[in-house]
Amino acid sequence: MPKVDDAHLAARRRQILDAAAACFAREGFHRTSVQDIVRESGVSAGLVYRYFTGKDDMIAAIVAERHEQRERRLREDPVVAYADLLRGLGDPAGRDDLRLALQVWAETVRSEPIRDLVRSGVDRPARHAADLLKDTELPPGVDVDAVIRIFIAVYQGLLLQTVLDDTLDHERLATAAEHLLRAALD
């Protein structure tokens, strides 16, 4: 049997994860079967199981990738990256990603490993933001963690609102959030 290189293996894994994400966004985790993912990806069931033990493993891989991408962007310039995240919520091409994010959050109620993974994807950037804000003088009674959690809630809330209402002006909302965040940093 010919040897397969790492790039080919990575491309196949990506193909399966993209198919799983599309199925999950469209039908939800529980209505999507591995057979649906096999059909969507165009690979065999055996190949899917070569890479993943099942749907929960695919969900975890998708969540981990999304968190890594978001954290990488937030490390560059946190204020600009945060505003860009908010602006990005309005991108019609990302609608499936928003639906998938909501389903991941809902899955945290059922699955402790997914909850822990999602929680770490919130806690790591929150700790990074706390390090950036540690020398910021805030009004008495307001702590850095509270400010960070409010901005996380703004992102999560706008994601939910975007799924519910596609008429939101994300540019206006992101600009307002960016000004509030810069005011908190100044």
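## Cores and a helix crossing

The largest nonpolar core has 26 residues, and those with the most contacts inside it are Ile16, Phe24, Ile37, Met58 and Leu100. A nonpolar core is a set of buried Ala, Val, Leu, Ile, Met, Phe, Trp, Tyr and Cys residues joined through side-chain atoms within 4.5 Å, where buried means under 20% relative accessible area (1.4 Å probe, protein chains only). The model is predicted: local features need pLDDT of at least 70 and side-chain atom pairs pLDDT 80 or more, while totals for chains, interfaces and linings use all residues. Residues are numbered from 1 along each chain as its sequence is written, and side-chain values use heavy atoms, without hydrogens and water.

Helices are DSSP runs (H or I, at least four residues), numbered from the N terminus. The greatest share, 8 residues, is given by α1. A second, separate core of 17 residues includes Val79, Leu85, Leu98 and Leu159.

The axes of α6 and α8 (residues 144-164), lines fitted to C-alpha atoms over the stretch in contact, come within 10 Å and cross at roughly 120 degrees. The table lists the residues that make this contact (heavy atoms within 4.5 Å).

| Helix | Residues in the contact |
|---|---|
| α6 | Arg95, Leu98, Arg99, Ala101, Leu102, Trp105 |
| α8 | Gln156, Leu159, Leu160, Thr162, Val163 |

How values were computed. Buried means under 20% relative accessible area, exposed over 50%, partly exposed in between (1.4 Å probe, protein chains only). Helices (H or I, at least four residues) and strands (E, at least two) are DSSP runs, numbered from the N terminus. Axes are lines fitted to C-alpha atoms, for helices over the stretch in contact, and angles run from 0 to 180 degrees between N-to-C directions.
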